[in-house]
Amino acid sequence: MSVPKLRFKEFDGDWSESKLKDCIDSIDSGWSPQCESYPADENEWAVLKTTSVDWDGFKANFNKKLPSNLEARFEIEVKPNDILVTRAGPTERVGVVAVVPHNVRSKLMISDKLIRLKANNENNPEFLGISLSSVKCQNQLQSKTSGLAKSQTNISQKILCDVSLMTPAKAEQTKIASFLSNVDEKISQLTQKHALLSQYKQGMMQKLFSQQIRFKADDGSEFGEWVKAKVGNITETIFGYPFDSKEMVEDNNGIPLMRGINIGECHIRHSFELDRFFLKDTSKLEKYFVRVNDIVLSMDGSKVGRNSAFVTEKDAGSLLVQRVCILREKENTNIQYVYQWIISKEFHRYVDQVKTSSGIPHISGKQIQDYEISYPCLEEQTKIANFLSAIDQKIEVVTQQIEQAKTWKKGLLQQMFV
């Protein structure tokens, strides 16, 4: 009996297996003329880029303006409830599905790298879109993609039409689609809240670091003048130990190593299980062990300067290797204050200016040490750091809520579909 594990109680009929071609009225692709390099205004014609179709939904602003000397093609203008599927591109971007929302703007055309489906009267378009996004359908598509390289693959309309999926009666499809749409709306609201908090923090950092906004001492008095200080003077800077391979033996029960790949943007990537080594002698390596309240900073890679993290208790104890830097607290320095500078746009701009541009982008230890920050007294540093850290904590709570909601939705999809 083909029924899902989780079901609305008013439905009890079997689900039936269908080919996608039996669930739609039409399938077509669009047009890719030479367009302007910029998006169109709301009242101008445009051709959608493949990036307008995303797992997070349809993104109307990802388009290119149609040149004024070309006539628009009305027959490929997207309409509400159109199901769009990416047809060509890198492997991970082929077969991506999005349903056009009811409030879509007019004058947007599909490109020839997009396939458009229109559901027939017996099927709900949102349900079909969710079904095509499922692991079962995606596996069918990925197994039949063609192309000489993973960077440029494609699927045909015929392959898409032959995808097999399980469908209930339209009333149940609509109920499921409506329920999941509410889940998506909750995720969207949380994502917007995250963006607003992040924008607020960036604005406050700019005002605090430029001294547009100043804190006062606990007794109400004004703090003194700020000075310029180099990171190398106000923190202990430690660069990864240059290990000799003879000192190291790979061992799953050994010491975890802190490599550049283990540092993301404001977080530690926990992939240490492949990076553990037994060291014959650690007597001279004490300072290279990552401690609570250290700042760790990757010194190379495509996101050099942006991949940094503040070390908490769960991340401490790993051993620093080459191309990673520690900034450690010194007297009269609040290390959280320094960290807020390291994750600021000002530091990112500095790194972009000084990093090497040939080969793998990287910065030197001296370039990190020479970075200058505006530096108030310890008490004002602490007030600023506490204020910005409190916003970080709110952002982290929302981040976790988004991940929990996405995990919940993933579980629902597994149980609500056959």
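1. Terms for strands. Two strands pair if DSSP finds at least two bridges between them. Helices (H or I, at least four residues) and strands (E, at least two) are DSSP runs, numbered from the N terminus. With that in hand, take β1 (residues 16-19): four bridges join this strand to β14, and the two run antiparallel. In β14, L165 is the bridge partner of S18.

2. Basis of this note. This is a predicted model, in which local features need pLDDT of at least 70, side-chain atom pairs count only at pLDDT 80 or more, and totals for chains, interfaces and linings use all residues. Residues are numbered from 1 along each chain as its sequence is written, and side-chain values use heavy atoms, with hydrogens and water left out.

3. Overall picture. The protein has nine helices and 23 strands. Its C-alpha trace spans about 70 × 55 × 50 Å along the principal axes. Of its 418 residues, 43% count as buried. Buried means under 20% relative accessible area, exposed means over 50%, and partly exposed lies in between (1.4 Å probe, protein chains only). Contact means heavy atoms within 4.5 Å. Among contacts in the protein with a separation of 6 or more, 79% come from residues 24 or more positions apart.

4. Strand β14. This strand covers residues 164-167. S164 and M166 point one way, while L165 and T167 point the other way. All four of these residues are buried.

5. An open sheet. Three strands make up an open sheet, in the order β6-β3-β10, with mixed pairing. β6 (63-65) and β10 (108-109) stand at the edges with a single partner strand each, so one side of each has no neighbour in the sheet. Strand β3 (residues 46-48) is joined to β6 by three bridges, and these two run antiparallel. A46 has K65 in β6 as its bridge partner.

6. Cysteines. How many disulfides does the structure hold? It holds zero. A disulfide is a pair of cysteine sulfur atoms within 2.5 Å. For C161, the closest cysteine sulfur is in C23, at 10 Å, which is too far for a bond. C161 is buried, at 13% relative accessible area. C266 is in no disulfide either; the nearest cysteine sulfur, that of C325, is 16 Å away. C266 is partly exposed, with a relative accessible area of 45%.

7. Positive phi. Two residues other than glycine deserve a look here. C266 has a phi near 70 degrees, a positive value. C266 sits in the loop between β17 (248-258) and β18 (276-279). N81 has a phi near 75 degrees, also positive. N81 sits in the loop between β6 and β7 (83-86). N81 counts as partly exposed, at 26% relative accessibility.

8. The second largest pocket. On a 1 Å grid over the protein atoms alone, a cavity is a set of points where a 1.4 Å probe fits but cannot get out, whereas a pocket is an open set with protein on both sides within 12 Å along at least five of seven lines; lining residues have an atom within 4 Å of a point. Grid points are joined across faces, edges and corners, and a volume is the space filled by probe spheres set on the points. The second largest pocket has a volume of about 1,100 Å³. It is lined by 29 residues, and the closest to its centre are C266, H267, Y339, D392 and E396. The elements that give two or more residues to this lining are α4 (170-209), β20 (308-310), α6 (335-342), α7 (345-354) and α9 (378-416). The largest share, seven residues, comes from α9.

9. Q138. This residue lies in helix α2 (residues 135-142). Q138 is buried, with a relative accessible area of 11%. The side chain of Q138 reaches the backbone oxygen of L132 at 2.9 Å. Not counting residues up to four places away in sequence, Q138 touches W55, V94, G95, V97, L132 and S133.

10. T333. Is T333 buried or exposed? T333 counts as buried, at 4% relative accessibility. It is found in the loop between β22 (324-329) and α6. A polar contact of 2.8 Å joins the side chains of T333 and Y375. A polar contact is a pair of N or O atoms within 3.5 Å; within protein, one must be able to donate a hydrogen and the other to accept it, and residues adjacent in sequence count only if both atoms are side-chain atoms. Leaving aside neighbours within four places in sequence, T333 is in contact with I234, V338, Y375, L378 and Q381.
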